[in-house]
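Good morning, everyone. Please take a look at the model on the screen, and keep it open while I talk.

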Amino acid sequence: MDETAGCEPALEYAFEQARLGQQMLRAVHAWQEPEHACAPWIGYDLEELGALKRDFTAGRIDVWRPKYPEITVVADVRRGHPVDVLVEASVSADLLVVGAHGKSANSAALGSVSGGVLYRASCPVVVVRCRKEGRDND
């Protein structure tokens, strides 16, 4: 999961698959230290950033709990590049669900994260397109 509200379809798909397969759901959130090219000397409290990411992830999961109360969800918040973190998580997964923002001019093209995960994952991968204003998402 990431911090974009438009990618709720991927999270919903993951919950639905967990329900159908009567499986536990591991919500993986990878984060990296922010980079500022104009001010590289700006430091960050990585402990504080990690806590914010864990709180964010817990909040996103809590939104879905009422609809899927039977699903056990484990939040897995890790610092690292999203592709590396997701590929590592795929080793112990039955299915990996990732969102695609659809920012590419070519609507069939995958982004760097979904494309990277698709070719390196150790389990089947489902890429769910994010909702976008004015686009048919069927």
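First, some ground rules. This is a predicted model, where local features need pLDDT of at least 70, side-chain atom pairs count only at pLDDT 80 or more, and totals for chains, interfaces and linings use all residues. Residues are numbered from 1 along each chain as its sequence is written, and side-chain values use heavy atoms, with hydrogens and water left out.

Now the layout. The protein has four helices and four strands. Helices here are DSSP runs of H or I with at least four residues, strands are runs of E with at least two, and both are numbered from the N terminus. Along the sequence the pattern reads α-β-α-β-α-β-α-β. How much of the protein is buried? Of its 138 residues, 32% count as buried. Buried means under 20% relative accessible area, exposed means over 50%, and partly exposed is in between, using a 1.4 Å probe and protein chains only.

Contacts next. Contact means heavy atoms within 4.5 Å. Take contacts between residues at least 6 apart in sequence: 77% of them join residues at least 24 apart.

On to helix α1, residues 8-20. It has 13 residues and spans 18 Å from first C-alpha to last, close to the 18 Å expected at 1.5 Å a residue. That expected span is 1.5 Å times one less than the number of residues. Its buried residues are Glu8, Pro9, Ala10, Leu11, Ala14, Phe15 and Ala18. What do they pack against? They pack against β1 (25-31), α2 (46-64), β2, β3 (96-100) and β4 (125-129). Just after α1, glutamine 22 has a positive phi of about 50°.

Now helix pairs. Two packed helices are described by the angle between their axes and the distance between the axes. Axes are lines fitted to C-alpha atoms, for helices over the stretch in contact, and angles run from 0 to 180 degrees between N-to-C directions. The axes of α1 and α2 come within 11 Å and cross at roughly 60°. So α1 is oblique to α2. For the cut-offs: under 35 degrees is roughly parallel, over 145 roughly antiparallel, 65 to 115 roughly perpendicular, and the rest oblique. Glu8, Leu11, Glu12 and Phe15 of α1 make the contact with Arg60, Ile61 and Trp64 of α2.

A second pair: α3 (residues 82-90) and α4 (residues 112-120) pack at about 35°, with axes 9 Å apart. Pro82, Val83, Asp84, Leu86 and Val87 of α3 meet Ser112, Val113, Gly116, Val117 and Arg120 of α4.

Last, two residues. Arginine 60 lies in α2. Why does arginine 60 count as buried? Because its relative accessibility is 11%. Its side chain makes a polar contact of 2.5 Å with the side chain of glutamate 8. A polar contact is a pair of N or O atoms within 3.5 Å; within protein, one must be able to donate a hydrogen and the other to accept it, and residues adjacent in sequence count only if both atoms are side-chain atoms. A polar atom of the arginine 60 side chain also lies 2.9 Å from the backbone oxygen of aspartate 2.

Aspartate 76 is in strand β2, residues 73-79. Aspartate 76 is buried, at 13% relative accessible area. Its side chain makes polar contacts with the side chains of arginine 26, at 3.0 Å, and arginine 78, at 2.7 Å. Beyond its neighbours within four places in sequence, aspartate 76 is in contact with Arg26, Ala27, Val28 and His29.
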